[in-house]
Amino acid sequence: MDISEINKNDLPQEVELALLAEQKQDQAKPNFGARLIRKFGSKKKKKGESAEAEPAVEVELSVKQGDVLPFYIGSVATTSTNKKEVTNKYSNEPYCSVCLAEEKHIDEAIGLAEASLPAMAALKSYERKQILMNVAEQAKLRAEELAQLLCIEAGKPIADARGEVTRLITTFEIAAEEATRLYGEYQPLDVNAKTAGQSGIVRRFPIGVCSFISPFNFPLNLVAHKVAPAIAAGCPFVLKPASKTPLGALILGDILMNDPLLPKGAFSIVPSTRAAAEALTTDERFKLLSFTGSPVVGWKLKEKAGKKKVVLELGGNAACVVDELVPDMDSVLTKVVSGGYYQSGQSCISVQRLFVNSEFYEEFRDRLVDKVTELKSGDPLDPETFIGPVISTNDAERIMKWIKDAESGGAKILCGGTATGSMVEATLVENVPHDCLLYSEEVFGPVIAIEKYDGNDFKGVIDLVNDSQYGLQAGIFTNNMNKAFYAFENLEVGGVVINHTPSIRSDPQPYGGVKASGLGREGLRYAIEDMTEPRIMLLNNVGQL
């Protein structure tokens, strides 16, 4: 099959280029039966519009409608009588079911992971690299299948879905390289006469069994950002995927189960209820807990985690400051639209608060309204769709309530502001009161709150960005080097993006927030550091004759 590139201007990296691949049909090896996805016709673009999007291609899915999928305990596919329905988020109809792990299964998974520690730690660097490259290669073979399942289970438009699959592959490839770079150091310790002749060699060793809990919005790549560094570090793990979007993680389990180099028992993937998964937080056999999700849940987990190391990525209400039109208004508008509305705003770093220089505010606002109203909503499998459903009708209702509450408080809805089922219209709201939830909390929907600021008071707008309980990333459009560095040094965030929206994440970067946005950093090398511990060998008079 031919998987063609989706061309859209200046999309953030969560959505960027779709995977290019030439693959033969017989390379795909489905495990649970097959179903043929329909094709959508492509529409010719007028002159001056973006390049024609490719339709969903015909591909056999290994998970078909009505299937019941197993979970994985100690590298073995396992079933139970307790099941969870997975719906098509666009149609809201049942698609398949997954078996749910119970407390006894999770206890067994932890025990098997602990037993596999010596074998995982003994893996050579090249073996860890090969395991990770094997996953990347299998993901390439199943790329279009993974993308279309993302459309179904997450409601993610096909361009976004293909972009996430590309990033999944990249994440495993980067981790494969990092697996061979777990460097140590030689440390001279002869710092005074008493320690004469002393030196040390420092190496990093696996921290132990890791517990991972992943969110619904990036069911593939945010799983990869936990699993890939764990394998690179030599750590066994137990993963609980999001209950609404478990399919991608279970396909990853199918890939890992068949890897000839990965020690048996080294991984478990356990869709489960929160109650059944309590041990993933409290069990002292885990040495690290990595959670991505809501702040309310994340900080509660930290309170219960005990002595283990905790890494939290908890989202925010990301701000973007348009101080200058770099390189021009059209380019900035395109980036803002992409950053605020891609995958229906369901990203921790989606543009939520937009501050625009008063010198050109009115023109920028009016042209932004035009661009937002042009965004097409619909079936995620249609290549023309930019806005798909949010994850549930309950979330759509919450988003609409926040919009209406802001309007009641004096905000003006410039466009959008309606919803049908789980489909929320792309919405732009002006002058949202700062005490409204639409401004102060994470909306996680296709909504931007826009306001102008005094173009002569850059320090003031930086203070506005910082006036938030969150601090994940912020975007600043400016050609002024002093302003760029002022923002970098004074913004209370984990990442500052110059001349783009905050919606950029490069997979190798240290990624995480401050304040209520989290604790610690993801990003392959940084995650590997969290999953390993330094150990020193002290040497006395070595080399002395």
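## A walk through the sheets and helix pairs

Let's start with an open sheet of seven strands, ordered 17-20-21-16-15-23-24 and with mixed pairing. Its edges are strand 17 (412–415) and strand 24 (495–498); each has a single partner strand, so one side of each has no neighbour in the sheet. From one strand to the next, the twist averages 25°. Bear in mind as you look around that this is a predicted model.

Now step inside that sheet. Strand 16 (residues 353–357) and strand 21 (residues 447–453) run parallel, joined by five bridges. If you want a residue pair to click on, take Phe355, whose bridge partner in strand 21 is Glu451. Helix 12 (residues 393–408) packs on this sheet, where it touches strand 17, strand 20 (427–430) and strand 21. The direction of helix 12 makes about 120° with that of strand 17.

The peptide bond joining Val326 and Pro327 is cis, with omega about 0°. It's worth a look, because most peptide bonds are trans, just as most residues other than glycine have a negative phi.

Strand 3 and strand 7 (residues 94–99) run parallel and are joined by two bridges. Here, Val68 has Ser97 of strand 7 as its bridge partner.

On to the helix pairs. Two packed helices are described by the angle between their axes and the distance between the axes, and that's how we'll take them.

Begin with helix 3 (residues 125–141) and helix 6 (residues 221–233), which pack at an angle of about 155° with their axes 8 Å apart. With that angle, helix 3 is roughly antiparallel to helix 6. The crossing of helix 3 past helix 6 is right-handed. Which residues of the two helices meet? From helix 3 come Arg128, Ile131 and Leu132, and from helix 6 come Ala228, Ile231, Ala232 and Ala233. Sorted by class, this contact has six nonpolar residues, no polar ones and one charged.

Next up are helix 4 (residues 143–154) and helix 5 (residues 158–178), whose axes come within 8 Å and cross at roughly 130°. Helix 4 and helix 5 are therefore oblique to each other. Their crossing is right-handed. On the helix 4 side, Ala143, Glu144, Leu146, Ala147, Gln148, Leu150 and Cys151 take part; they meet Ile158, Ala161, Arg162, Glu164, Val165 and Leu168 in helix 5. The residues of this contact divide into nine nonpolar, one polar and three charged.

The last pair is helix 14 (residues 458–466) with helix 15 (residues 481–490): the axes come within 11 Å and cross at roughly 30°. That makes helix 14 roughly parallel to helix 15. Helix 14 passes helix 15 in a right-handed crossing. In the contact, Phe458, Lys459, Ile462 and Asn466 of helix 14 meet Lys483, Tyr486, Ala487 and Asn490 of helix 15. By class, that gives four nonpolar, two polar and two charged residues.

Finally, how far can you trust what's on screen? The protein averages a pLDDT of 91, and 90% of the residues score at least 70. Over residues 1–52, though, the pLDDT is below 50, and this stretch has 139 contacts in the model beyond near neighbours in sequence. Where pLDDT is low, the predicted coordinates should not be read in detail.

Key: Residues numbered from 1 in each chain as written. Predicted model: local features only at pLDDT ≥ 70, side-chain atom pairs only at ≥ 80, totals over all residues. Heavy atoms only, no water. Pairing = 2+ DSSP bridges. Helix = DSSP H or I, 4+ residues; strand = E, 2+ residues; numbered from the N terminus. Axes fitted to C-alpha atoms, helices over the stretch in contact; angles between N-to-C directions. Parallel < 35°, antiparallel > 145°, perpendicular 65-115°, else oblique. Left-handed = near helix turned anticlockwise from the far one by under 90°. Contact = heavy atoms within 4.5 Å. Nonpolar A, V, L, I, M, F, W, Y, C, P; charged D, E, K, R; others polar. pLDDT = per-residue confidence, 0-100.
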